[in-house]
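Work through these exercises with the structure in view. Try each task before you read its solution.

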Amino acid sequence: MSEAALDLVIVGAGFSGLAMAIRADRAGFPRFAVLEKADRIGGTWRDNTYPGAASDVPAHLYSLSFAPRSDWSRLFPRQGEIQAYLEALVAEHGLTDRLRLGTTVLGAAYDEASCLWRVETDRGTVVARVLVGAVGALHAPARPALPGLEDFAGPCFHTAAWDHGCDLRGQRVGVIGTGASAVQIVPEIAGHAAHLTLFQRSPAWILPRHDRSYGPVAKTLLGIDPLRRLYRAGLFWRREMLALLGFTRVSRLTAGGESLARAHLKRAIPDSDLRRRLTPSYRLGCKRVLLSDDFYPALTRPDVSLVTEAIRAVTPHGIVTADGATHALDVLILATGFSPSGSFDRLALTGRDGRTLAQAWRAGADAFHGIAMAGFPNLFLLLGPNTGLGHNSVLAMVEAQVAHVLGCLRWLQKNPGRAVEVRAQAQSEFRAFVDARLADSIWARGGCGSWYLDGKGRNRTLWPGTATAYRRGARRLRRRDYAMVGPG
């Protein structure tokens, strides 16, 4: 049975969904619901509980600017601390009664006559004037298409679904992948497993992490608002400078960043052959640049092996590589990342004139500032196409997007019974701008393929510039980019 229309419905209770909820409430739009298919909030930080799971962005930057915390335990917080921060946000900002946990969205359709979105869930229909998709970019685990994978006889699981009941002690463990999750997992489980075999498709550029804990004095000082803001700003601008080191395009500074990474590798790995196999052949920034102080040392252990031959097949008791070698395994861990488009692709959305999201994105995911799409009035995405970052806190993008949506909500408040829709020309002009920047980007000229690219080889994931540039363009709503549509 349907209920009275809400101001907005937010799908997803991770960082972006909670940010939208808090800001909407503060802005005077308290009639909203946050739909979450899981039985807890947290998104990425609820799901990824593997050993060593932690942020690669400093805590004081990887937190909402309007909901700061002064007592972070360390520079780069672990999963449990981030999850606790998110749960505290719900309690502190009174969101509990507007959370609908364990509620799966089956689909949503825009009603042109009423200018409302009807969201179908497994618990009934929810009607709202505005629909916000906050499902996260990295939500759908990517499983490798390896022959025989389903026939592996031992425990086999993805890092995003870690089997905490699986005791790795005394086991021969295989890890497929050398990306962000593998770099955190390997040092944690090396020494517990009888032997750890790491299967690498291509090496990653890795820079020093320099993690450290915050002592009592530091926590006291960071509890002083002006000092905390100054400290956060310093972290932000240091990260923005990474864009100049080649994180978005090849420049003279790219080689400098590569030299830092090579020096880090040389200090940790004395064996020249192992160093060679761990040195990327593509430019720094073409794939995600990783931070770690303990990954390389873990690979020097006698009970850890690095395999760089391609995987030919998975057998019930191990892996056969292209050189014909068989690697006996008891446990197989898939550190193979996520499908960046999987989250939004799975939303069955129908906009104006019966057009679906799948039809709108047939040529590739596309949205104005990654937020709004022509043909889908009163629908907004958070962390939509081309709004991810490889060098700074993605929350800087989220907060700009939330501000943009709030601008639309305020405009709608003055026009009851109507809807806002981005103009097709504004969307196409933005697409042309992004494509021009991408043509000269590190992802086009860096010599690699990566999960940033879609099936057609186009980057639909990352923003090709600084977070500052994105915020400058997206934060404020320019009404000339939108049209007010519907009756009236």
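**Exercise 1: Salt bridges**

E87 is partly exposed, because its relative accessibility is 32%. The model used here is a predicted one.

Task: Find which residue forms a salt bridge with E87, and work out which parts of the chain the pair ties together.

Solution. 
- Step 1. A salt bridge needs a side-chain nitrogen of Lys or Arg within 4 Å of a carboxyl oxygen of Asp or Glu.
- Step 2. The partner of E87 is R40, and their closest N and O atoms are 2.4 Å apart.
- Step 3. R40 sits in the loop between β2 (32–36) and α2 (44–47), while E87 sits in helix α3 (residues 79–92), so the pair ties together parts that are 47 residues apart in sequence.
- Step 4. R40 has 38% relative accessibility, so R40 counts as partly exposed.

Task: Do the steps again for R78 and say which residue is its salt-bridge partner.

Solution. 
- Step 1. R78 forms a salt bridge with E188, with the closest N and O atoms 3.3 Å apart.
- Step 2. R78 is in the loop between α2 and α3, and E188 is in helix α4 (residues 180–189), so this pair ties together parts that are 110 residues apart in sequence.
- Step 3. R78 is partly exposed, because its relative accessible area is 41%. E188 is partly exposed too, because its relative accessibility is 28%.

Task: Decide whether D97 and R98 are buried or exposed.

Solution. 
- Step 1. Use the cut-offs: buried is under 20% relative accessible area, exposed is over 50%.
- Step 2. D97 has 65%, so D97 is exposed.
- Step 3. R98 has 14%, so R98 is buried.
- Step 4. The two form a salt bridge, with the closest N and O atoms 3.6 Å apart. D25 joins D97 and R98 in a network of salt bridges.

**Exercise 2: Strands and hairpins**

Task: Describe how β5 pairs with β4 and with β6.

Solution. 
- Step 1. Strand β4 (residues 105–111) runs antiparallel to strand β5 (residues 116–121), with 6 bridges. In this pair, G107 stands opposite E120.
- Step 2. β5 also pairs with strand β6 (residues 124–133), again in the antiparallel sense, over 5 bridges. Here R118 stands opposite V127.
- Step 3. Now check the turns. The β4 and β5 hairpin has 4 residues between the strands, and C115 in this hairpin takes a positive phi near 60°. The hairpin of β5 and β6 has 2 residues between its strands.

**Exercise 3: Positive phi**

Solution. 
- Step 1. Most residues other than glycine have a negative phi.
- Step 2. H210 is not a glycine, yet its phi is positive, about 55°. N378 is not a glycine either, and its phi is positive at about 60°.
- Step 3. H210 lies in the loop between β11 (206–207) and α5. N378 lies in the loop between α11 (357–360) and β20 (379–381).
- Step 4. H210 has 57% relative accessibility, so H210 is exposed. N378 has a relative accessible area of 0%, so N378 is buried.

**Exercise 4: A pocket**

Task: Name the helix that gives the most to the lining of the second largest pocket.

Solution. 
- Step 1. This pocket has a volume of about 470 Å³.
- Step 2. Its lining has 24 residues; S65, F66, R232, E399 and R471 lie nearest the centre.
- Step 3. α6 (225–242) and α12 (395–413) each supply at least two lining residues.
- Step 4. α6 gives the most, with 7 residues.

Key: Residues are numbered from 1 along each chain as its sequence is written. This is a predicted model: local features need pLDDT of at least 70, side-chain atom pairs count only at pLDDT 80 or more; totals for chains, interfaces and linings use all residues. Side-chain values use heavy atoms; hydrogens and water are left out. Two strands pair if DSSP finds at least two bridges between them. On a 1 Å grid over the protein atoms alone, a cavity is a set of points where a 1.4 Å probe fits but cannot get out, and a pocket is an open set with protein on both sides within 12 Å along at least five of seven lines; lining residues have an atom within 4 Å of a point. Grid points are joined across faces, edges and corners, and a volume is the space filled by probe spheres set on the points. Buried means under 20% relative accessible area, exposed over 50%, partly exposed in between (1.4 Å probe, protein chains only).
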